[in-house]
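Hello,

Here is the structure I promised to pass on. Please have a look at it first, and then read my notes on what turned up.

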Amino acid sequence: MIRAILFDLDETLFDHRRAVAHAATRWTESVCPGHELLPETPALWLDLEDKHLPAWHAGECSFAEQRRRRLREFCRRLGLPEPADPDAAFAGFLAHYESAWAAFPDVPETLDALAALDDAPVLGVLTNGVAVQQEDKLRRIGLMDRMEVVLTPDTLGAFKPAPQCYHEAAAKLGLRPQEVLMVGDNLLLDAVAPSRAGMHGVWLDRYRAEPGASPTVTRITTLRDLPEVLAALSPRLRDPSRAA
């Protein structure tokens, strides 16, 4: 049986894109009101996250340094002067970002539905983010008390998609990987890699990428579908003859 569900946080439970869009536009407006590329700033910020976060994951720089690199390139790409104090400038961005923190609308009802199940699974978060910030997000959006564990690289010693990350996460729950379901918005990190590590993975495709991107992975477009997926999966686990 599935005894625990681990959720990714950003873009799974927490609306990161919305908060970034608010912060990127507000911060840019504060530096250069009426900037001609203002509508493009949210997408640029997200692209730079993808570019610079891997250096931190690989141990090539600190978390704070990848933030500085991101902000400097953000300014260069927009033709803005690089801030003399990037940490202070990033703090200004964070203030706007934090003011827009919110959970996705489908989250509370899904967690309620899971909690109402006869064999309600333990719920937790498995994220590549920094513990202090991710826990703060969960508290601010009202989800911290709904989670039994919040697992981050700080405690696991590895980032997704390393197999060690999923194995250690299951161990922290006192479970075998096959008793854990991982749900998240990243096809590789939250569905393919955990499945290879022995967990069950579900891809939350909120923004409806190509449906045929991975026919071997269970795909949902809203968390509201998760209880149905869990119900469909459980009989197959109890009866090997019904496995796909």
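Let me start with a pair of helices: H1 and H2 are roughly perpendicular to each other (a label for angles of 65 to 115 degrees, with under 35 called roughly parallel, over 145 roughly antiparallel and the rest oblique). Before going on, please note that this is a predicted model, in which local features need pLDDT of at least 70 and side-chain atom pairs count only at pLDDT 80 or more, while totals for chains, interfaces and linings use all residues. Residues are numbered from 1 along each chain as its sequence is written, and side-chain values use heavy atoms, leaving out hydrogens and water.

**Helix packing**

H1 spans residues 16-31 and H2 residues 41-57; they pack at about 115 degrees with their axes 8 Å apart. Axes here are lines fitted to C-alpha atoms, for helices over the stretch in contact, and angles run from 0 to 180 degrees between N-to-C directions. Helices are DSSP runs of H or I with at least four residues, strands are E runs of at least two, and both are numbered from the N terminus. On the H1 side the contact (heavy atoms within 4.5 Å) includes His16, Arg17 and Val20, and on the H2 side Trp45, Leu46 and Glu49 are among the residues involved.

H1 also packs against H3 (residues 63-78), at about 65 degrees and with the axes 13 Å apart. Here Ala24, Trp27 and Thr28 of H1 meet Leu71, Phe74, Cys75 and Leu78 of H3.

H3 in turn meets H4 (residues 86-99): their axes come within 10 Å and cross at roughly 80 degrees. That makes H3 roughly perpendicular to H4. Arg67, Arg68, Arg70, Leu71 and Arg72 of H3 face Pro86, Asp87, Ala89, Phe90 and Leu94 of H4 in this contact.

**The core**

The largest nonpolar core has 47 residues, of which Ile5, Phe7, Leu13, Phe74, Tyr97 and Leu181 touch the most other members. Such a core is a set of buried Ala, Val, Leu, Ile, Met, Phe, Trp, Tyr and Cys residues joined through side-chain atoms within 4.5 Å; buried means under 20% relative accessible area, exposed over 50% and partly exposed in between, with a 1.4 Å probe and protein chains only. A second, separate core of 19 residues includes Ala4 and Met199.

**A loop residue**

Gly174 lies in the loop between H8 (163-172) and S4 (180-184). At 65% relative accessibility, Gly174 counts as exposed.

Best wishes
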